[in-house]
Amino acid sequence: MTRTTVTGGRLIMAAAASVFALAAYAGPDEDELVVNDEIEMVTKTDAPAHLDGLDTIYSGWRFRSDETQAVQTDDFDNPAMLWVEQAGEVWKTAEGSEGKSCASCHNDVDSMAGVRAVYPKWNEAAGEVRTIEMQINDCRENRMGAEPWKYAGGDMTNMSALLASVSRGMPVNVAIDGPAQSTWEKGKEIYYTRYGQLELSCANCHEDNWGNMIRADHLSQGQINGFPTYRLKNTKLNAVHSRFKGCIRDTRAHTFSPGSPEFVALELYVASRGNGLSVEGPSVRN
Amino acid sequence: MTRLTALVSATALFATVAAAETIAPQDVNYADGAVETSLTGQPGDPQAGAELMNKGAGNCIACHAVSDLSHLQFHGEIGPPLDGVADRWSEAELRGIVANAKQMFEGTMMPAFYKVDGFTRLGDAYTGEAHEGDVEPLLTGQQIEDVVAYLMTLKYE
């Protein structure tokens, strides 16, 4: 007996020894992430002031096994970099009625350094909070005269990974005040709503139980600084809204759709919980 | 074992009778989180209960460790380990906890396994689509009884 708690006048004794080998996984680890021996990532830092539920924030990288962590430390090993390269070609390829490519307006993709770190972001002209995917499709439709990409489809997620890759190591810093505030509040409400037949909120798993095992899964804080994410489980790049959808589906709930106003708001809110962590995308997870 | 098999077939034989006596999720009477009356009037089968701890809509070890089930991989750490749980709680209390833990522990993360209403954006199982039609509880009344019968075997002595 290692722990004795009194609950409702009742003595509850929990035998820690019965947790088998699980203790070995408990909590985030203390490893440091440096990519390509060059980009030093902040994977642990003080929680932003607006966040009441956590004192310290951790990248999901800290919760993965050493083997999984290692895959992200070198671009030659990170399978996601193949799609980043493909998107690099698309960046320079003219498409649509205007005969323009991304590069026609933005030159080299390195000019996009820092952009990922501040999205989702208020767009004054449109009068809405926009994700980077919404902005990409706005460029395609209105500047290139090209068809929009499917919100969480392959082309879009590859391009999103390219844009993340040139911001790697920069601190996530989304604005939550001013005109973005009402969207942020809406996202926060979604984060704390207990959905589905299992009646679970994001916070139940990622705020109250990070570091704990839920069956075979080691719960992280559900941060999105690493998106898009290459998952060993499905061997593809995963968009952030696809992850939201999966997590809500797992509560036996009717999910929201990728690109929906609800997920845009949720993305702003969850991104803000990670303000101060480095942009890591495309990261590697299991 | 023979007794158990006899019990299982007896349960199957009287399934129609049992169905008539089953207390619907909306009609369960909770007193301080506990439920005195069997949901089905039929005894629970601890072996079937042990199966439910691992699989299907029960999947209790997703959140709880149980030494008695240490042959199964990956036990969760969300709720307390269930070793010796029958020393801490009565059968009626365990029935209440499994049927709807929110009655015993306000705001708990533990899902309600015998509840059919009051959900937000209820889905069609794990499809992500909206649910349509009648809602089935996560476990049937008899499955609740089976799980409770299994929990009653978890004693320290």
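Analyst: Let's begin with two words we will need throughout: helices (H or I, at least four residues) and strands (E, at least two) are DSSP runs, numbered from the N terminus. In those terms, chain B reads α-α-α-α-α-α along its sequence, with 6 helices and 0 strands.

This is a predicted model, in which local features need pLDDT of at least 70 and side-chain atom pairs count only at pLDDT 80 or more, while totals for chains, interfaces and linings use all residues. Residues are numbered from 1 along each chain as its sequence is written, chains are lettered from A and ligands numbered from 1 in the order in which they are written, and side-chain values use heavy atoms, leaving out hydrogens and water.

Buried residues (under 20% relative accessible area; exposed is over 50% and partly exposed lies in between, with a 1.4 Å probe and protein chains only) make up 48% of the 157 residues in chain B. Contact here means heavy atoms within 4.5 Å. Among the contacts in chain B with a separation of 6 or more, 58% are between residues 24 or more positions apart. An unreviewed UniProt entry places the feature "domain: Cytochrome c" at residues 44-155 of chain B; UniProt positions are given in the numbering used here, feature names are shortened, and annotations may be inferred rather than shown by experiment. Over residues 44-155 of chain B, the chain is 30% helix and 0% strand, and the end C-alpha atoms are 17 Å apart.

Helix H3 of chain B covers residues 46-54, and its buried residues are Gly49(B), Ala50(B), Leu52(B), Met53(B) and Asn54(B). These buried residues of H3(B) pack against helix H6 (141-151) of chain B. At the start of H3(B), a side-chain oxygen of Asp45(B) comes to within 2.9 Å of the backbone nitrogen of Gln47(B). Just after H3(B), Gly56(B) has a positive phi of about 65 degrees.

Now to the contact itself. Chain A brings 37 residues to it and chain B brings 44 residues. The area buried between chain A and chain B is about 3,600 Å², with carbon and sulfur atoms giving 56% of it; buried area is the accessible area (1.4 Å probe) that two parts lose on being put together, summed over both. Within chain A, the residues that lose the most area to chain B are Gln197(A), Arg215(A) and Arg252(A), together 23% of what that side buries.

You will find Gln197(A) in the loop between helix H6 (181-191) and H7 of chain A. Why does Gln197(A) count as buried? Its relative accessible area is 5%. Not counting residues up to four places away in sequence, Gln197(A) touches residues of both chains, including Thr251(A), Arg252(A), Lys115(B), Phe119(B) and Pro137(B). A polar atom of the Gln197(A) side chain also lies 2.8 Å from the backbone oxygen of Glu136(B).

A salt bridge is a side-chain nitrogen of Lys or Arg within 4 Å of a carboxyl oxygen of Asp or Glu. The rule finds 2 salt bridges across the interface of chain A and chain B. Glu199(A) and Lys102(B) meet through their side chains in a salt bridge (3.6 Å, N to O). A polar contact is a pair of N or O atoms within 3.5 Å; within protein, one must be able to donate a hydrogen and the other to accept it, and residues adjacent in sequence count only if both atoms are side-chain atoms. Across this interface, 15 residue pairs are in polar contact, both residues being at pLDDT 80 or more.

Which parts of chain A supply the side that touches chain B? Strand E2 (10-14), helix H7 (202-206) and strand E9 (213-214) of chain A each supply at least two residues, and E2(A) gives the most, with 5 residues. By class, this side of chain A has 20 nonpolar, 10 polar and 7 charged residues. Ala, Val, Leu, Ile, Met, Phe, Trp, Tyr, Cys and Pro count as nonpolar, Asp, Glu, Lys and Arg as charged, and the others, Gly among them, as polar.
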